[in-house]
Amino acid sequence: MKRRTLDIVFSAGGLLVAILVLVLGLVLQNQANFAKDYVHDQMAQQRITFTPAEGLSDEEKAADCLVENAGQPLLTGKQAECYANEYIGLHLAETNEGKTYSETSGESRGVAAELEAAMEDDPESPETLALQAQSEELNGKVQTLFRGEALRGLLLTSYGFSIFGERAGQAALVAFLVAAVLALASIAGFVHAFTTPKEETVHLA
């Protein structure tokens, strides 16, 4: 086979692969941009702003990301992770001695059952009134934990979505680099093909 023909075949094949990899890179970059814009738009609609530095408690100041983002609007996945874990997570842990919504809800139902029995026995006794106050307090904590954990879950979901976007962006960059290398190699192959004497042949084993 003539060397020029072989060079042209390999160069054309490399160029085709480069185009395919470039298309893959463009698709991945499109998905990365979509994820970034989507998270930004969704976070912007929530209108969440980090507490200004002067308003942070000592416990909140221990979280570097809360200090770095103090006073800023929450717009990115990384900020969502910070707010969910370091701000909401901190205050949820303080709501009922670190107990979760599920644990607090179970505790509330137990107190409610005791209160119901006490109301039947003596609705005006100090023990009944104490149980009533405890039940109301627990109900408030249940609502606080439910709302807090729901918001925290939504923010962490947005953070996870943003990470997929970042990974897609990194994969797109790799695809662009590979496509560039293949394209350069193909161009070099075409140059070599047309600078090689027509009569030169290569023996394939």
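Where is D121 found? D121 sits in helix α5, with helices (H or I, at least four residues) and strands (E, at least two) taken as DSSP runs and numbered from the N terminus. The model is a predicted one, so to speak of local features takes a pLDDT of at least 70 and side-chain atom pairs count only at pLDDT 80 or more, while totals for chains, interfaces and linings use all residues. Residues are numbered from 1 along each chain as its sequence is written, and side-chain values use heavy atoms, with hydrogens and water left out.

Back to D121: this residue is exposed, at a relative accessible area of 68% (buried is under 20%, exposed over 50%, partly exposed in between, with a 1.4 Å probe and protein chains only).

L15 belongs to helix α1, residues 3-46, and is partly exposed at 33% relative accessibility.

Now for the cysteines. The structure has 1 disulfide, defined as a pair of cysteine sulfur atoms within 2.5 Å. The bond runs between C65 and C82, with an S to S distance of 2.1 Å. Its S-S torsion is about 85 degrees, so the disulfide is right-handed. Because C65 is in helix α3 (residues 64-68) and C82 in helix α4 (residues 77-95), the pair ties together parts 17 residues apart in sequence.

Salt bridges come to 3 over the whole structure, each being a side-chain nitrogen of Lys or Arg within 4 Å of a carboxyl oxygen of Asp or Glu. One pairs E81 with K78 at 3.2 Å, N to O; both residues lie in helix α4, 3 residues apart, or about one turn of the helix. K78 is exposed at 56% relative accessibility. Another links E107 and K99, whose closest N and O atoms are 3.2 Å apart. Here E107 is partly exposed at 26%, and K99 is likewise partly exposed at 31%. K141 and E137 also meet, at 3.4 Å from N to O. They are 4 residues apart in helix α6 (residues 126-195), so about one helical turn separates them. K141 counts as buried at 19% relative accessibility, whereas E137 is partly exposed at 47%.

R47 has phi near 55 degrees and is placed in the loop between α1 and α2 (58-61). R47 is exposed, at 76% relative accessible area. E97 shows a positive phi of about 55 degrees, this time in the loop between α4 and α5, and is exposed at 74%.
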